[in-house]
Amino acid sequence: PLPLVHAVVQRAVPTAAPRAERTAAAASALHAVVVLLVHRHVLSLRPAAAAKAPAKQPSNASSDGNASSDGETHHDKPLIALSHALCATHEPAVRLRVCALLVASSLRLAPVECTAAAGAASAAAAAAAEGAAPRRALKLALVGFVRDALAQRSLAAELTASVQPATAEAMVEAEAEWEALLECLVAAAEHCSAQRSRAGRKEERLAERSFWSSLGGSVQAALDLLLPVLPPGRYTPPMARLLARTSGAVQGRALHLLRSQLSREFSAKHSRRAAAAALSHAALAEIADALRVVCDATADGTTAAAGHGGGADEAAAQKNRQAALLTLELLAREHAAAAPDVFERATVAVVRAACSAAPAVRSAGLLATSSFVEGLGAQLVPHMPAFLPKLLAMLESALPPPHDAPPSRDALSFAAAWLDGVGSSLLAAVPAFLPPFLPRLLRSLPRAPDLPTSG
């Protein structure tokens with residue numbers, strides 16, 4: 001019964017200890033109980049899975065033998081439901097720490113790889129596979145439990161209520177636990193990806209590869225659910241710290257999560273007005289900190305992967321820079337008009353990206369530059385002598401004089417994006433300040449009369 005299990009957990013918590021010690025003690029005891037319940041749940045499924053193994057029933061296989069592997073929730077399982085109910089009786093900081101401990105537990109379990117040599121006896125291989133199955137099921141169940149716990153609305157509601165001044169200490173504690181869980185999930189995602197790549201595509205390791213794919217999918221689902229748990233804006237400081245990491249993989253995942261969360265927030269009704277009205281000094285500082293880190297990630301060579309690991313690392317670095325620019329563009333589109341001073345500092349990084357030699361980075365830089373011009377308007381006038389000649393030089397290089405060889409398709413696409421994006425934004429935002437630069441712009445236009453521009 002829930003009251004009995006809850007009482008067992010509470011007996012492990014020192015009532016007179018400081019808040020941090022009470023949280024740690026409660027999380028440790030709760031983690032032990034949840035692992036036992038989840039393990040018991042996994043063991044209870046084995047007889048049913050074995051009995052139904054001969055019959056191929058795709059619609060029931062996941063709910064009987066491997067409930068965690070395909071994204072199905074666990075709330076219809078008595079022991080799992082008891083575990084969720086037990087967690088719901090504790091504060092958000094305790095619940096978040098338990099989730100982090102569960103993810104760490106899933107990674108610390110014994111390896112599940114079947115490493116039998118090609119010439120080993122089939123009985124040994126079968127025994128290894130049979131021994132790996134329970135560990136795989138428990139890993140999947142633990143991560144699935146975390147995913148389902150983060151999906152509960154009660155957790156987000158309690159964290160939102162913790163923003164009130166009377167519960168400020170609880171909010172600070174919850175934020176620290178949230179950041180620790182985020183880092184743990186990112187590490188788990190990278191571990192799953194590495195193990196899946198290590199398994200390769202050999203037939204004897206297909207089961208191992210499938211397992212790591214399923215586990216990685218559950219970890220990614222938990223990551224996607226983690227950002228909306230905190231109230232809007234509260235995730236900015238920990239995300240900025242993640243973006244400052246030297247690991248390109250961590251930067252890439254942090255950028256993906258940040259852009260996904262911003263897209264969700266800005267897609268709400270009247271989000272622009274609400275965001276502008278809610279920009280307090282503290283919120284501006286958070287946005288500025290995150291923005292400076294994102295700007296650093298847009299510069300060629302600033303990501304750790306750039307230039308140090310061959311083509312694959314360079315491709316990953318360019319992908320991170322592109323994601324950073326798209327995130328920066330989204331922030332500028334929604335906040336630049338309300339907070340021009342915050343975004344003015346990022347102008348140099350954006351223009352540098354728009355002049356990059358990498359096509360993906362260059363196109364994202366042009367898009368971000370266009371949003372910066374529209375959002376900042378006259379605030380950019382002092383910077384125009386520094387950045388506009390560079391952008392015009394890029395346009396001129398894409399459209400050579402008529403007597404030269406005709407421009408390539410990529411060059412024409414860049415020129416079209418330049419004119420549709422940056423050119424249109426300049427004409428709309430700062431037309432009175434363009435005359436000094438118009439001769440160069442007008443000399444470029446006749447070189448490409450068939451550009452597919454919308455203007």
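## Aromatic pairs

Across the whole structure, a search identifies 2 aromatic pairs. One of them joins Phe-211 and Trp-212 in an edge-to-face arrangement, with 4.9 Å from centre to centre and 65° between the planes. Phe-211 and Trp-212 are both buried. These values are computed from a predicted model.

Phe-343 and Phe-372 also pair: their ring centres are 6.1 Å apart and their planes meet at 80°, so this pair is edge-to-face as well. The pair formed by Phe-343 and Phe-372 links distant parts of the chain, 29 residues apart. Phe-343 belongs to helix H15 (residues 340–344), while Phe-372 belongs to helix H17 (residues 359–376). Both Phe-343 and Phe-372 are buried.

## Nonpolar core

The largest nonpolar core contains 112 residues, of which Leu-150, Trp-178, Met-239 and Trp-418 touch the most other members. Helix H8 (residues 168–199) gives the most to this core, contributing 11 residues.

When residues up to four places away in sequence are not counted, the contacts of Trp-418 are Leu-366, Leu-391, Leu-392, Leu-395, Gly-423 and Leu-441. In soluble globular proteins, nonpolar side chains tend to be buried together.

## Cysteines

The count of disulfides is 0, judged by whether cysteine sulfur atoms lie within 2.5 Å of one another. Cys-184 has a relative accessible area of 16% and is therefore buried, as the value falls under 20%. Cys-192 is likewise buried, with a relative accessible area of 1%.

Technical notes. Residues are numbered from 1 along each chain as its sequence is written. This is a predicted model: local features need pLDDT of at least 70, side-chain atom pairs count only at pLDDT 80 or more; totals for chains, interfaces and linings use all residues. Side-chain values use heavy atoms; hydrogens and water are left out. Rings of Phe, Tyr and Trp (its six-membered ring) pair if their centres lie within 6.5 Å; planes under 30 degrees apart count as stacked, over 60 as edge-to-face and the rest as tilted. Buried means under 20% relative accessible area, exposed over 50%, partly exposed in between (1.4 Å probe, protein chains only). Helices (H or I, at least four residues) and strands (E, at least two) are DSSP runs, numbered from the N terminus. A nonpolar core is a set of buried Ala, Val, Leu, Ile, Met, Phe, Trp, Tyr and Cys residues joined through side-chain atoms within 4.5 Å. Contact means heavy atoms within 4.5 Å.
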